[in-house]
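Subject: Structure for you to look over

Dear colleague,

Please find the structure below, followed by an account of what was found in it. I would be glad if you read the text with the model open beside you.

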Amino acid sequence: MTWEPVIGCEIHVHLKTQTKMFCRCATGFGAPENSSTCPVCLAHPGVLPVPNERAIEWTIKLGLALGCDIAPRAVFHRKNYFYPDNPKGYQISQYDEPLCMSGSFLLPGVGGDTEIGIVRAHLEEDAAKNVHMGGGEGRIHGADRTLVDFNRAGMPLVEIVTQPHLRSSEQTKRFLQLLRQTVRELGISDAEMQEGSMRFDVNVSVRPEGSDELRTRTELKNINSFNFAAQGIEREIQRQIAIYEGGGEVVQETLHFVPGQEHAAPLRSKEEAQDYRYLPEPDLVPIEPPAEMVEQARAELGELPSARIRRLETELDFGLAEGLVTSGRDGLYERTPGDRRAVANVVMNELAAAGLDPTEVNGEELGKLVEARDRIPREAFMKALGASGDGDFKAEDYLGEAVIADESELDPVIERILAANDENVAAYRAGKQGLLGFFVGQVMKETGGKADPKVVNTRLRELLDRS
Amino acid sequence: MIDTLRLTAKEANALLTGGELSSDELFAAYRAAIDERDPDLNCFLHVCDESPGAGIPIALKDVIGTKGIPTTAGSKILEGYLPVYDATVTERCQARGLRTIGKTNMDEFAMGSSTENSAFGPTRNPWDPSRVPGGSSGGSTAAVAAGLAPWALGSDTGGSVKQPAALCGVVGLRPTYGTVSRYGIIAFASSLDQVGPVTKTVADCAFLYSVIAGRDPCDTTTVDLPHPVEIPEAEDLRGLRVGVPRELNEAEGIEPGVTESVQAAIELCRELGAEVGECELPRSVEYGLPCYYLIAPSEASSNLARYDGVRFGLRVSPDGIRAMYEETRDEGFGDEPKRRIMLGTYALSAGYYEAYYGQAQKVRTVIRQEFAAALERFDVLVSPTSPTVAFPLGAKTENPLAMYLSDVLAIPPNMAGLPGLSIPCGLSEGLPVGLQLIGPQFSENVLFRAGHALEQALAFDVVPPRLA
């Protein structure tokens, strides 16, 4: 039987507002523990939340980018549970009246677009950070003591929930990458996985291909890289298939993804059976976003990454187009004149390898460099590329040295090298074609790297094959 | 010698502005009264030896946060807790020169109607120390009645200013929900909590309300007052339409002596020129109390979750996080908060929410509509504030339901977010009877006007005879 994976995601994104969601404490990564706190985010008696308007605007903007309907009236709810990282004993979140609902996100693919349904995107506050010391393997149970850092408590967080519309680990990874790029371009989050400003949970189930049933799903938590996501999902798909093919049943559970470990470790099932006793947050009035505000946010959206992939695909192949967009390099690509494929390759490969920030590169100058790529020595090209991020970079400073492409100039060098390497010439002619590289290397060395490798290759073959 | 028993806030202030007395001398006079009478009454949980400001003293209910001054909400779980910030109402009082003289006793987390639920012992009624002062702001109302402060602030969730004001023979206002900031007030039931003045006269009440009311950026549920507070002067009720809701005046359990005083006050309204008529609030009175006892405990169960021993207050620290939560909360909370946390937790649980909390919210809308309809015909509705006069200590502590019924008349307008003023209107068995005046949202000026005119005509002596 062929099995079809059914995958949905929950993505948490930290908004990079200057202050927290319900108080005026600074947000930001890396401040000393508990230095960015106040009575409100420490939940002292008597405090009240005051919502961050910017966070509401940005959530609306994100909702629009995800094709969501923006609710005319959204309500904050309290989600009640006891845990040291939850100072009020409840988290202010949204429940049945979120800001953004019923969206659709276009995921371009080789075979066409896939619509990934968005159930909702809502705004909430983050919890503090627990650090469990001694024993317990990083969990509270079995730890000697637990320290709490409240800097993160109350940071604005958007939770995006997708429909189970994803069908493979690879597609899920591509979706998450495109979503991250979309969030970044909106200017609302750094979406840095290392810093925890983007985190995701993935729900996985499998079903016989062609069926439309939804079987028991498991949830993978704690994923903080795209590759881990793909690995974890793939492993879980295979595990579930093996269970069904062995006549077993998949058990609904939450799996704690640990990179490198064969199996994700199940979390305590008790944590799933929580009753959060949601109630409308009586300390806050409902949010009623004015229509003009929503329309303004819509007008500011610009061309979204998915649309740009589709547009660039008409002049490049899909992989290059997607790579450029999801890596945030397509802007430079579009600013750089010249042969599209040549420009795309340089921007995507050599420029990336050189570790340059694409936003700092002057496209016009880069265009001149790409255009001259075959006419100047590689060494000179790489040097120029390395300098292309400098403010005063001029391509023409590096174009002076031409490659030696003239056969009449190269032939004497090639002949000299062949004469000096009788044994290798004989071996080549006896069938060791791999020695061609050796001869090319010798010629390049002799010409100080300035010979045109294409011409050298052609002439070497001709001369070696001649006798 | 200053007679703090009789001195109103307005008179006290006149002594200062007239240069007859310094602020320190006035403060010392009230401190002396506290030292003399509070050992018997237990109105204060904390008394300030000094306090900044150049004005007259004020007593603050211990649910109101005061920076650096112990604030416990009457609970052992907050024993020794020193707030790191001032409540907005505290700041506003200080900005007007008012000097905090102490923090008054209360039912734990404002849950109760007799101040017997305080973890630090009950307050006694200055009219008869064998009786309760009402609650939960019983410390504030008893302090004002006993001349231990010229005025005070209390808080009212389900009658906690109005009912003890009635039982202690003082004036108490529960303001329109959203006119007084809750920032810094230890939360009990957020959608109902309002801070209100406790005073000897209606004019003092109006003035203190003008000090604390108005939008606060720290409390997004507050609004600016649509019109400025007017200190009442008129001594008649001409043109005022006074409604007498039958169910609020004929409810089971209203003592005959209470009815008698209230009826006399209603008759007085007529004599002062008001147009008096009957009206009905059948559902508000029948469902107000049960509805309140779903909504308030639900919100309380959530609001009280932060007392977990992690960051402040009591921590009982056995092995393990769960045991720490359980034992801290078991030792820190008294029976009434525990009872309400359980009620609220149950009412919010999956599968019960719609039947309880959800349903109560719908009933609340019905109550709001019923009051709105009555208040289209009348400017003010009147009733007893409490069905009884002050009852003996211990009389209702074993029967929570009987205790809850003490607020059966005060709760319905609260559920509708409406303001209510309680003024003393007479005596029954030698104990004060309170008259409740209810108006539409933001109608405080009308309530003050009516209350003041009645007060002048009634000439009720606010000094308990045994202290005179």
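**Where the chains meet**

The contact between the two chains takes 34 residues from chain B and 24 residues from chain A, where two residues count as in contact if their C-beta atoms, placed from the backbone, lie within 7 Å. On the side of chain B that touches chain A, the elements giving two or more residues are H9, helix H10 (321-332) and helix H11 (335-348) of chain B, and H9(B) gives the largest share, three residues. Helices here are DSSP runs of H or I with at least four residues, and strands are runs of E with at least two, numbered from the N terminus. By class, that side of chain B has 18 nonpolar, ten polar and six charged residues; Ala, Val, Leu, Ile, Met, Phe, Trp, Tyr, Cys and Pro count as nonpolar, Asp, Glu, Lys and Arg as charged, and the others, Gly among them, as polar.

**How to read the model**

This is a predicted model, in which local features need pLDDT of at least 70 and side-chain atom pairs count only at pLDDT 80 or more, while totals for chains, interfaces and linings use all residues. Residues are numbered from 1 along each chain as its sequence is written, and chains are lettered from A and ligands numbered from 1 in the order in which they are written. The model scores ipTM 0.95 and pTM 0.89, and the mean pLDDT (the predictor's confidence in each residue, from 0 to 100) of chain B is 96, with 100% of its residues at 70 or more.

**Chain A**

Chain A has 14 helices and 14 strands. Its radius of gyration is 29 Å, well over the 23 Å that the globule rule gives for 467 residues, so chain A is more spread out than a compact globule; the radius is taken over C-alpha atoms, and the rule is 2.2 Å times the number of residues to the power 0.38. Chain A is divided into domain 1 (3-296), domain 2 (329-398) and domain 3 (407-466), with bounds that come from an automatic or database domain assignment, and 30 Å separate the C-alpha centres of domain 2 and domain 3 of chain A. Buried residues make up 40% of the 467 residues in chain A, a residue being buried if 20 or more other C-beta atoms lie within 10 Å of its own.

**Chain B**

Chain B holds 15 helices and eleven strands, and its radius of gyration of 21 Å agrees with the value near 23 Å that a compact globule of 468 residues would have. Buried residues make up 60% of the 468 residues in chain B. Its domain assignment gives domain 1 (9-277 + 375-467) and domain 2 (283-364), and 30 residues of domain 1 of chain B are in contact with 25 residues of domain 2 of chain B.

**Nonpolar cores**

A nonpolar core is a set of buried Ala, Val, Leu, Ile, Met, Phe, Trp, Tyr and Cys residues joined through C-beta atoms within 7 Å. The largest has 211 residues, and Ile58(B), Ala143(B), Ala149(B), Ala152(B) and Val380(B) have the most contacts inside it; helix H9 (residues 282-303) of chain B gives the largest share of this core, nine residues. A second, separate core of 36 residues includes Tyr333(A), Phe381(A), Ile414(A) and Phe439(A).

With best regards

Conventions:
Buried ≥ 20, exposed ≤ 12 C-beta atoms within 10 Å, placed from the backbone.
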